[in-house]
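Let's take a walk through this model together. Keep the viewer open and follow along from one region to the next.

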Amino acid sequence: MGSMGEVRAMMVQELANVLGKPEVPAQYVVRGHHSQQLATAIAAPIPVIDLRSLFTEDGAATNEASKLRAALESWGLFLLSNHGVETTMMDGMMIASREFFKRPLEDKKRYTNLIGGEQFQFEGYGNDQVRSPDQILDWSDRLYLKVEPEDERRIALWPTHPENFRNILHNFTTKCGGVKDDLLRAMAKLLKLDDDNYFVDQLGEKAETNVRCSYYPECPRPELVFGLKPHSDGTVLTLLMVDDSVGGLQVLRDGVWWDVPIVPHTLLVIIGDQTEIMSNGFFKSPVHRVLTNAKKERLSVAVDYSVDHEREIEPSAQLIDEKRPALYMKVKVKDYIAGLYEHFSQGTMVIDTLQI
């Protein structure tokens, strides 16, 4: 296999199709993690939270709230049922995404995230930015699109094939936005903040919503690579639809990797660093990763939410006292996001740099 540039010029999907023997290019091989990769993980006992029950006026709400709090404080992620996003809409979004990745390469490259074949931009079809020659590359391709603010959409990067892609993405993310607001209100209530809209209000008028459709091709040596390297999300939270037949997502807790279970038509909610900071560490942003599969491709669709990048975030004053001082410094979201990608490429965590 050739140079870093030559390898990166190929999409992983294309690379997987041309590999005729069980090898992967050195740029994808994870150094020092082989034994972890080979270990058999146990399914994480993360709860399924009934969103509708959280807002009832009976004992069911109290029970769901206690389950939610335990999940937020220990795992930082949970499965969500009764969320109001129709199963037909969820299936339609997954089908449209899968059909996009099945399109001919030249068609997909119309939406490339490389300007002039060289200059990287976050939006579009491609891979993550290569920041150094020794960076370990992930065994995945993705389509990354800004959805909100709506007037900042780069609609030319939204696929026109399949024909319903743009409409279903708009409708799906609109529905998910309501789910996100409900969850943020429930989380503020758990912390007994003065205003249930505290986290919603923190988002600001120019809050960002982005969607990431990720495709993980079959890999001849899955024990050597990551589909997505270990990281925490630099967001407020992420709503994730995972492949209903192929696992691979794992979460780290107390030094042990756990498989995240698959429950069809639930949404997986992953708490991000911005919420960990604003909650002064009460709610955890979990480290997670994606493993690949030798026999099956895998697809996921993630919708992530961020505070307006021009705003600053810090621990809520209501969550700071003599017994629990502020655990994190104030930071401008734009600077945090910039640091996030720099640390991600190095396999480190930017949130660690903010701890007091």
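Helix α8 has 26 residues, which at 1.5 Å a residue should span 38 Å, and its end C-alpha atoms are 37 Å apart, in agreement; the expected span is 1.5 Å times one less than the number of residues. Helices here are DSSP runs of H or I with at least four residues, strands are runs of E with at least two, and both are numbered from the N terminus. Bear in mind that this is a predicted model, in which local features need pLDDT of at least 70 and side-chain atom pairs count only at pLDDT 80 or more, while totals for chains, interfaces and linings use all residues. Residues are numbered from 1 along each chain as its sequence is written, and side-chain values use heavy atoms, with hydrogens and water left out.

Just after α8, Lys192 takes a positive phi of about 55°. Now step back to the loop between β7 (141-148) and α8, where you will find Pro149. Glu148 and Pro149 are joined by a cis peptide bond, with omega about 0°.

Buried means under 20% relative accessible area, exposed means over 50%, and partly exposed falls in between (1.4 Å probe, protein chains only). Leaving aside residues up to four places away in sequence, Phe172 touches Val85, Met89, Met90, Met93, Met241, Val301 and Val303, where contact means heavy atoms within 4.5 Å.

Next come the charged pairs. The structure holds 21 salt bridges, each a side-chain nitrogen of Lys or Arg within 4 Å of a carboxyl oxygen of Asp or Glu. One of them links Glu73 to Arg69, with the closest N and O atoms 2.7 Å apart. Both residues sit in helix α5 (residues 59-74), four residues apart, or about one turn of the helix. Glu73 is partly exposed at 33% relative accessible area, and Arg69 is partly exposed at 27%. Another salt bridge pairs Asp181 with Lys180 at 2.9 Å between the closest N and O atoms, and here both residues are buried. Salt bridges that share partners also join Lys146, Asp151, Glu152, Lys206 and Glu208 into one network.

Finally, UniProt lists residues 206-307 as "domain: Fe2OG dioxygenase" in an unreviewed entry; its positions follow the numbering used here, feature names are shortened, and annotations may be inferred rather than shown by experiment. Over residues 206-307 the chain is 6% helix and 44% strand, and the end C-alpha atoms are 8 Å apart. Asp254 lies in the loop between β11 (249-253) and β12 (256-259), has a positive phi near 50° and is exposed at 72% relative accessibility. In the loop between β12 and β13 (267-271) sits His265, with a positive phi near 70°.
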